[in-house]
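Subject: Structure handover

Hello,

Here is the structure I said I would pass on. Please open it beside this message, and then read the notes below.

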Amino acid sequence: MISSATLGERITATRKRRKLTQAAIAKALGVSRPTVAAIEKGSRRPSDEELVRIAAALDASVHDLLKEHAAIGSVSPRFRIAAGTRLPKPDVESAVEKLRGLGAKYVELERIHRVKRALAPLESLAAYRVPGPGEGADPVQAGEHAARTVRGWLDLGDAPALNLRELLEVEAGLRIFDVGLPGEIAAIFIWGDELGGCVGLNGLHSEERRRWSLAHETGHFLRDREAGEVLPTAGPARKDASESFAESFASEFLLPANG
C-alpha cells in the first residue's frame, strides 16, 4: 500500500492538471478546504468512500491514485502555439494530457521492471541550449549546424536518415507515440524531469509528414525542451528564434544540402 504522503502528492498533481481548486474538491466531498489540504499533505488519509469521490471529482480512477508504481509525470504548463492559429484550448489540453499519460505509463513500466533509465547521448548535448551557450546565435545557422552535428554523431554522413524513430528513441531518449490528435495539430512535444522528452505525432498524417514533425520537435528538444511545443498544421508562420531553429534543423537533418 502506498503511503499517505504519496497518495496526497498524486491527488495534488492530478488536481492541478485538471485545473481544479482545493475548494472544488472540498465541495465534492462535503468537507472543508483545510481537510483537503491535510489529505494532499499526507497528514490525513481519506477513507475508502472519500477516495472514490475524490477520484470522481478528479476524473481519475482509484486504481491510478493507488497503484504502487504510478508516475506523476508533471510537465511544463507552457506550450508555444503560432500567433493567430485557432486551436481550441480544451482540445490542446486534452491532447497534452493524453501524451503525458502515455509517457507516465512508459515510466511506470520501467519501474515495474526495475529499469533505470540512463541519460541518452543527445540529452547531454548543450551547445544549442537556451538560455545558455546557444542563445544569441543566428537560429537558422544554429539549426543547420545542430543538424550536421547530430547527423555526424549518428554516423549518417549525407545519406537519408532511415529508421528515424528508433534512432531518436535510443540516441535522444525520446518517447515517441502516434496518437489521435485534433486535425489542426501535427505534433506535440512535452518535457518533464520524470518523463524525459515525449513526442506525440498525429497518427492520421502520412509517414513523411510524421518524419518532418518528429525532426522538427527534435530541434526543440535540443534547443529549449522545457518550454514545450504544439505544432499546428496551418496558420501564420512563426518568426521567433525557437521556430526558426526547429525548421532549419528539420530541413537540414532530413535533406542535408551536401546530399
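Where in the chain is the place of Arg129? Arg129 sits in the loop between α6 (89-112) and α7 (139-153). Please keep in mind that this is a predicted model.

Arg129

Is Arg129 buried or exposed? Its relative accessibility is 17%, and the cut-off for buried is under 20%, so Arg129 counts as buried.

Setting aside the neighbours within four places in sequence, the residues in contact with Arg129 are Gly134, Glu135, Leu222, Arg223, Asp224, Arg225 and Glu226. Two of these partners can be described in more detail. The side chain of Arg129 has a polar contact with the side chain of Glu226, at 2.6 Å. A polar atom of the Arg129 side chain also lies 3.2 Å from the backbone oxygen of Arg223.

For a sense of scale, take Asn258: Arg129 and Asn258 are separated by 129 residues in sequence, and their C-alpha atoms are 25 Å apart in space.

Helices α9 and α10

Two packed helices are described by the angle between their axes and the distance between the axes. Here the pair is α9 (residues 207-224) and α10 (residues 241-254), whose axes come within 8 Å and cross at roughly 125°. That angle is why α9 is called oblique to α10. The crossing of the two helices is right-handed.

Which residues of α9 and α10 make the contact? On the α9 side they are Arg211, Trp212, Ala215, His216, Thr218, Gly219, His220, Leu222, Arg223 and Asp224. On the α10 side they are Ala241, Ser242, Glu243, Phe245, Ala246, Glu247, Phe249, Ala250, Ser251, Phe253 and Leu254. By type, the residues of this contact divide into 10 nonpolar, 6 polar and 5 charged.

Leu222, Arg223 and Asp224 are among the α9 residues in the contact with α10, and Leu222, Arg223 and Asp224 are also in contact with Arg129.

The whole chain

How many helices and strands does the protein chain have? There are 10 helices and 4 strands. Read from the N terminus, the order of the elements is α-α-α-α-α-α-α-α-β-β-β-α-β-α.

The C-alpha trace spans about 65 × 45 × 35 Å along its principal axes. The protein chain has 259 residues, and 49% of them count as buried. Among contacts with a separation of 6 or more, 70% are between residues 24 or more positions apart.

Regards

Note on methods:
Residues numbered from 1 in each chain as written. Predicted model: local features only at pLDDT ≥ 70, side-chain atom pairs only at ≥ 80, totals over all residues. Heavy atoms only, no water. Buried < 20%, exposed > 50% of the residue type's maximum accessible area, 1.4 Å probe, protein only. Contact = heavy atoms within 4.5 Å. Polar contact = N/O pair within 3.5 Å; in protein donor to acceptor, adjacent residues only side chain to side chain. Axes fitted to C-alpha atoms, helices over the stretch in contact; angles between N-to-C directions. Parallel < 35°, antiparallel > 145°, perpendicular 65-115°, else oblique. Left-handed = near helix turned anticlockwise from the far one by under 90°. Nonpolar A, V, L, I, M, F, W, Y, C, P; charged D, E, K, R; others polar.
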